[in-house]
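Biologist: I am new to this structure. Please show me how to read it, one feature at a time.

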Amino acid sequence: MRFGALVCRHFWSKNINETACIESFALLKRHGKSGRHYHTRLVVVVCHFAQLEAVTPVFFFLLLFIVHSIFLYYGCGTLVVLEQNEAGIVLLRSFDWNDGLFDVTWSENNEHVLITSSGDGSLQIWDTAKTTGPLQVYKEHTQEAYSVDWSQTRGEQLVVSGSWDQTAKLWDPAVGKSLCTFKGHEGVIYSTIWSPHIPGCFASASGDQTLRVWDVKAPGVKLVIPAHQAEILSCDWCKYDENLLVTGAVDCSLKGWDLRNVRQPVFVLLGHTYAIRRVKFSPFHATLLASCSYDFTVRFWDFSKPNPLLETVEHHTEFTCGLDLSLHNCGQYVECERGPRTKFSVLIWRCI
C-alpha cells in the first residue's frame, strides 16, 4: 500500500547531510490536529548534487532528490530511512549508491522493499529491514533512469521505469532483466505512472511534448497525445475516472485529457508563472488537484468550477519543488522547497 509521491527538483545540494535531513524534518510533527500522532517511517534519498524529494505516508514518508536541466552530476546518492514516532524522528537506516538517485517507489506487498532509479541508468532494489544493500541491481537503460513506479493494481507485481534514453522499461522484481522495452518517445522521459484502474496500463510524459499511454500486452504505444508545446514534466491519473489524466509542463499550464477524445483538453488551468514541476489529483475529490511550480507557489484547483483556482500558497522563498496529498486526511498535504540560500525544507499543512 502506498500514499503517493511528493517529488521535488532543485539545483543546489552539495552540502546536504543526514543531520541536516533530520533537522529539516522536525516540521513533519505538524499533523493538523493537536494531540494526534502517527507511527510513520520516512525515507530520504539524498543525491549530493542532484535531488528529488518524494513523500509517501501510509505507514511511510518517502523523500528522494533529483535535478532537472543540469547534465553534470557529482558525488553519490544516499538512501536514508527515518522513522517518525511519538518521540520524534530518528535515523533508522542509511544506504549509499555510487550515483545520484532520481526516483523511488515502494513495493505494494512488502513495506520494507523499495526500488530507486539512478543517474547511471540502473534500478536498485532495497530492503529497509536489512543493514546492507541493494539486494539487486538492474542495469539496462543507457542514460539516466529518471522515473520509476510500482503498479498499484491487485495481482500485478510490475514496475515501470522511464529514462533519458527515451525508453520505458517493464520489470518484474523477481526476474533479473526487463520484460519489455517501450520505444516511441523522441525526447527525455520525465514521468511514468501506472493507471490505478486498468491493469497493465501506464502513462509517460516527455520532453518531446507528448503524453503517451501504453498497454504492456501490446507491442507499441496505445495512444499519443500532443499535450503541450513545451516539455511535460509531470502527469497524474485521476483516482475516480480511468479516462482522465492531467499534465503539467514548462509552458506553465495544466491540461486535462479524456482518453476517449484527445482532440482538445477537457480543461486548461492557467496561473503559474514558471514551469510546473508536480501535479497530483486529490484522492478524495474527483475534480480537485494540486500543483507546484518553480514560481515558489503551490496552487489548488477545482476544474469543474468557472473560477477553478481555489487557493494559492505563497509562503515559500525558494523553488517550490515537491507536493503530495494525504490518502488518510482530507485536506492535508505536504510540500517542499529548495534554493541556493537554504537547505531543503518539508512541511505538512492543512488546506482547503
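Biologist: Which residue stands opposite L288 in β23?

Modeller: D302 in β23 stands opposite L288. First, some ground rules. This is a predicted model, where local features need pLDDT of at least 70 and side-chain atom pairs count only at pLDDT 80 or more, while totals for chains, interfaces and linings use all residues. Residues are numbered from 1 along each chain as its sequence is written, and side-chain values use heavy atoms, with hydrogens and water left out.

Biologist: What counts as a strand, and what as a pair of strands?

Modeller: Strands (E, at least two residues) and helices (H or I, at least four) are DSSP runs, numbered from the N terminus. Two strands pair if DSSP finds at least two bridges between them. Here β22 (residues 288-293) and β23 (residues 298-302) pair over 5 bridges, in the antiparallel sense.

Biologist: In what order do the strands of that sheet come?

Modeller: The order is β21-β22-β23-β24. These 4 strands form an open sheet with antiparallel pairing. β21 (276-281) and β24 (309-313) each have a single partner strand, so one side of each lacks a neighbour in the sheet.

Biologist: Which strands does β6 pair with?

Modeller: It runs antiparallel to β5 (residues 101-106), joined by 5 bridges, and antiparallel to β7 (residues 122-127), also through 5 bridges.

Biologist: How many residues lie between the strands of each hairpin?

Modeller: There are 6 residues between β5 and β6, and 3 between β6 and β7. In the turn of the β6-β7 hairpin, G121 has a positive phi of about 85°.

Biologist: What is a nonpolar core, and which is the largest here?

Modeller: A nonpolar core is a set of buried Ala, Val, Leu, Ile, Met, Phe, Trp, Tyr and Cys residues joined through side-chain atoms within 4.5 Å. The largest has 15 residues; A203, L211, W237 and L259 are among those with the most contacts inside it. Two or more residues each come from β14 (201-206), β15 (211-215), β17 (232-237) and β18 (244-249). A second, separate core of 11 residues includes L244, V246, I276 and V279.

Biologist: What does L259 touch?

Modeller: A contact means heavy atoms within 4.5 Å. Leaving out residues up to four places away in sequence, L259 touches V213, L223, I225, W237, E242, N243 and L245.

Biologist: Where is A218, and how accessible?

Modeller: A218 lies in the loop between β15 and β16 (221-225). It counts as partly exposed, at 28% relative accessibility.

Biologist: How many helices and strands does the whole chain have?

Modeller: The chain has 1 helix and 27 strands. Buried residues make up 59% of its 352 residues.

Biologist: Where does UniProt place the feature "repeat: WD"?

Modeller: The unreviewed UniProt entry places it at residues 104-127, 138-172, 182-217, 225-261 and 269-311. UniProt positions are given in the numbering used here, feature names are shortened, and annotations may be inferred rather than shown by experiment. Residues 104-127 are 0% helix and 62% strand, with end C-alpha atoms 13 Å apart. Residues 138-172 are 0% helix and 51% strand, and their end C-alpha atoms lie 11 Å apart.

Terms used: Buried < 20%, exposed > 50% of the residue type's maximum accessible area, 1.4 Å probe, protein only.
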